[in-house]
Amino acid sequence: MSITDIQVTDEAVHGDDHHEEHHEQSFIFKYIFSTDHKTIAKQFLITGIFWAILGGGLSVIFRLQLGFPDMNMGFLQPFLGDWISNSGKLDPEFYLAMITMHGTIMVFFVLTAGLSGTFSNYLIPLQLGARDMASGFMNLLSYWFFFLSSVIMFISMFLSTGPASGGWTIYPPLSALPQAMSGSGMGMTLWLVSMVFFIASTLLGGINYITTVINLRTEGMTFRRMPLTIWAFFITAVLGLLSFPVLVACVLLLVFDRSFGTSFYLSEIFIGGEALPNLGGSPILFQHLFWFLGHPEVYIVILPALGITSEVISTNSRKPIFGYTAMIGSILAIAFLSFIVWAHHMFITGMNPFLGSIFMFLTLIIAIPSAVKAFNYITTLWKGNLVFTPAMLFSIGLVSFFISGGLTGLFLGNAAIDINLHDTYFVVAHFHLVMGSAAFFGLLAGVYHWFPKMFGRMMDEKLGYIHFWLTFVGVYLVFFPLHYIGIAGFPRRYYSFTNFDAFSSFVDLNSFVTVAAIITFGAQFIFLFNFFYNIFKGKKAPLNPWNSNTLEWTTPRVPEHGNWPGEIPKVYRWPYDYSKPGAEDDFIPQTVPYHKTKESNTDFENEESKKE
Amino acid sequence: MLNTIIIIAAILILVILFAIFRVSSLVDVIKGDSSTKIPSSNGTQANLLLLFLIAGLVGGGYYSFGGLEDDFVLPVASKHGVITDTLFWWTMAITGVVFIVTHIFLFGFSWKYQHRKNQVAYFYPHNNKLEMIWTIIPAIVLAALVFTGWKAWMDITRESPEGSEVIEIMGYQYAWSVRYPGADNVLGDYDYLKIDATNQMGIDFSDRASFDDFIPREIHVPKGKPVRFNIRARDVIHSVYQPHFRLQMNAVPGMPTQFWFEPTKTTEEMRTETKNPDFQYELVCNKICGQGHFAMRYIIVVDELEDYKEWFKSQEPWLKQNADYLTEVPAKLREAASIAAGIENPAYLDAPNGLTISGSK
């Protein structure tokens with residue numbers, strides 16, 4: 001229609017068309033206090049990687065304790081100091097601190113901030129055709145609040161009384177009373193402070209994502225033409241915005257109980273040889289508030305991963321994602337339902353059984369949109385022309401985990417079956433597969449897929465394959481056996497099982513799981529090498545290495561602040577025109593107007609082309 | 001010395017790995033196959049996915065059907081446990097089929113439709129009929145699961161039947177205390193303010209019903225009779241869990257909970273069944289409660305009804321064992337208390353009227 005459009009689609013725009021005043025920024029404002037969404041995304045990613053190593057490292061240590069209870073851990077004394085006794089035994093309370101930190105780090109710092117923070121920030125402006133986020137400054141604040149929160153949480157790990165150790169769900173009274181465990185002293189205080197900053201960060205980010213998606217889409221980028229990644233990030237941000245404030249309230253009341261003598265969660269407690277004056281509070285109230293965030297949080301973690309997978313699978317299958325509308329519908333359904341299923345974490349807390357049956361019903365409904373998503377991924381693979389890039393393999397791995405872990409959800413969502421499985425290793429296996437590993441694979445798929453855009457260079461494919469296979473097989477070898485242990489009734493969060501005859505079995509299996517966990521963790525260093533080495537030394541990336549349709553691949557190899565040197569490209573079609581019958585190539589980018597693709601247009605699209 | 005050698009060896013291995021990596025990436029550059037965007041090992045990856053499917057199915061099948069050294073299915077010893085186990089295995093059958101079929105498709109398609117030069121992907125953006133099918137079928141299956149689960153759940157959680165044995169279990173860091181109602185079959189009141197080093201459960205002796213309550217060292221329950229656990233905690237949340245009975249309920253400070261069940265196998269019978277002469281039903285804490293969480297073990301003994309009754313009768317009221325606490329009983333009830341608890345020479349009779357509490361509080 002106009003000259004500029006054609007220019008953009010021909011990638012004929014040169015630097016001299018640059019309409020913005022370009023000025024060199026100092027190092028500090030370019031790389032540290034940057035308002036560029038791409039830099040902020042990388043900051044989130046690198047911080048997330050740091051936390052992932054730490055969180056994973058903790059899990060290796062406590063897996064050693066579980067797999068080899070008689071082991072002499074003296075060699076860890078240089079790192080853990082007094083938490084290892086002189087006879088080489090791990091302190092039972094520090095064991096609990098480690099599982100607590102592992103959970104907190106993985107759920108919040110890696111899979112919420114590391115995943116959403118990285119890819120929402122990176123992809124929303126690039127895939128929508130925006131120069132940056134709606135508010136660059138809020139975005140900057142979002143990262144630095146996260147950084148502050150990280151620093152506080154990190155410091156808490158070095159307290160002499162240990163970090164928070166009541167489990168990542170920090171149920172009071174355990175978390176409220178320093179008499180109950182030493183981690184509930186200063187460690188818990190720092191945990192709460194850190195979490196408040198974390199929530200502030202999430203909210204600042206979320207408001208930005210939502211505003212950007214609603215207001216800053218380029219011309220032609222209707223909601224019906226948005227890539228599923230953006231749909232997922234958008235709905236995730238809405239979920240976060242609605243649920244995280246409830247966690248603030250929940251945490252704030254706990255702060256009051258801890259520090260100002262209120263009784264929101266405390267009642268009739270006798271501890272440390274004295275009766276506390278608190279009366280009338282309810283620990284169950286805390287659980288309701290916590291899981292009101294906690295359950296949407298699970299979807300805050302998994303939805304972005306599913307969004308990334310949709311994009312990667314479609315691109316590498318050279319086929320449109322199957323059921324684009326159904327995929328959006330299922331994201332919306334999952335998001336809505338995720339707010340009304342929280343009490344399935346509480347079937348056996350003494351909550352009214354009638355309430356339990358309502359939540360059982362709602363919980364099993366949420367399986368339907370999840371199933372639709374899994375079926376759609378599989379159908380997308382059907383009759384494709386599959387290219388197995390590392391990103392594609394990780395996405396297939398994600399679908400596998402999502403199915404395996406999702407199916408075990410049908411046991412746990414069923415209140416009657418949950419009686420025996422609640423808080424056993426079956427639960428551990430379930431959520432590590434469905435949200436832990438699946439979301440982690442989404443994160444890795446995203447890194448492998450968008451690394452060329454992020455750093456202008458390619459990651460090494462072969463190392464990617466080795467990383468994938470070790471991790472994929474490793475994760476299954478770690479978590480699949482845990483189902484058996486869970487069915488046998490092994491409780492989670494146990495320092496050792498030697499006190500019970502009922503749990504004296506499966507010693508070998510536990511050792512096996514530990515070995516698998518160490519190998520899986522070790523394999524991540526291959527990724528780290530591949531990642532950091534190729535930031536500097538990788539092969540230079542082509543402009544569109546995966547022959548993808550979305551807008552980010554129309555930017556220069558290393559996009560500057562502002563993303564497109566010339567005008568922002570205009571969008572004419574949905575992002576999934578792969579292998580369209582009649583088309584010359586097996587992909588038609590979103591920037592190609594219909595009137596240029598007469599040979600592959602449908603009747604409807606021919607009509608549309610007249611309006612262009 | 002050994003450590004130094006290990007460190008040097010590790011560094012050498014890393015250097016060698018790095019050298020291999022450099023050589024192989026240089027070879028790739030020389031080959032110059034970067035014009036095509038299809039990974040050179042695309043076919044290998046597809047084959048590996050298929051291999052993973054087969055190995056996974058074989059391995060998973062082997063372990064699930066007897067390949068493991070230890071049995072992961074605990075024998076069930078309660079009436080409702082049979083029902084929840086049935087539901088469990090039905091769910092396992094349904095999800096197992098879905099698991100296998102979807103994975104065969106997932107990895108099978110991955111292998112079958114791997115990239116080939118002249119192959120063109122089938123442009124297949126949507127099919128509403130298919131979408132409807134795989135929305136409705138899971139919905140129906142799930143409805144069946146929900147309905148059966150709901151029926152079982154409502155049945156398990158309904159009020160305990162008339163005439164159930166009532167036993168109070170209290171969790172604290174890091175042990176359990178158990179109280180029986182005694183001869184009058186009524187548990188006395190408790191008050192957390194009355195807890196002290198001896199009166200661990202805070203029994204309130206202003207209530208007549210508490211005079212004959214007894215606190216044994218292990219739990220005894222009768223086979224074939226409904227048993228109701230009144231559950232509470234005095235410091236943090238604990239969870240009463242017994243895997244053989246498929247029984248679990250949290251113990252919450254300030255909020256009494258309950259769970260009732262009917263044991264179906266005595267400890268002796270379980271010893272025969274499990275071929276373990278030392279078998280004991282163990283009560284487990286299953287909610288993180290502090291550093292001793294993993295050691296809150298308590299024995300439950302399931303007796304034949306007659307044996308249970310005998311055991312029950314042979315137990316001494318707590319008040320008899322701790323006759324000092326008669327002083328907590330209101331003066332006009334002390335005589336009744338002495339009789340109910342079977343105390344023969346109550347100390348208070350020798351003391352002046354209005355004796356103050358000694359040794360406690």
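Helix H6 of chain A runs over residues 136–156 in this predicted model.

Which parts of H6(A) are tucked away? Its buried residues include A:Leu140, A:Tyr143, A:Phe145, A:Phe146 and A:Met153, along with several serines such as A:Ser142 and A:Ser149. Residues three or four places apart on an α-helix point the same way, because there are 3.6 residues a turn.

| Helix of chain A | Residues |
|---|---|
| H3 | 37–67 |
| H5 | 92–128 |
| H7 | 186–215 |

Now over to chain B, which has eight helices and nine strands. Its radius of gyration is 32 Å, well over the 21 Å that the globule rule gives for 361 residues, so chain B is more spread out than a compact globule. Along the principal axes, its C-alpha atoms fill a box of roughly 105 × 65 × 40 Å. As for burial, 38% of the 361 residues count as buried.

One spot worth a look in chain B is a hairpin made by E5 and E6. Strand E5 (residues 238–242) pairs with E6(B) in the antiparallel sense, over five bridges, and B:Ser239 stands opposite B:Asn250. Four residues sit between the strands, and B:Arg246 takes a positive phi near 55 degrees. Is E6(B), residues 247–251, mostly covered or mostly open? Mostly covered: five of its five residues are buried.

How values were computed. Residues are numbered from 1 along each chain as its sequence is written. Chains are lettered from A and ligands numbered from 1 in the order in which they are written. This is a predicted model: local features need pLDDT of at least 70, side-chain atom pairs count only at pLDDT 80 or more; totals for chains, interfaces and linings use all residues. Helices (H or I, at least four residues) and strands (E, at least two) are DSSP runs, numbered from the N terminus. The radius of gyration is taken over C-alpha atoms; the globule rule is 2.2 Å times the number of residues to the power 0.38. A residue is buried if 20 or more other C-beta atoms lie within 10 Å of its own, exposed if 12 or fewer, and partly exposed in between; C-beta atoms are placed from the backbone. Two strands pair if DSSP finds at least two bridges between them. The expected span of a helix is 1.5 Å times one less than its number of residues. Two residues are in contact if their C-beta atoms, placed from the backbone, lie within 7 Å.
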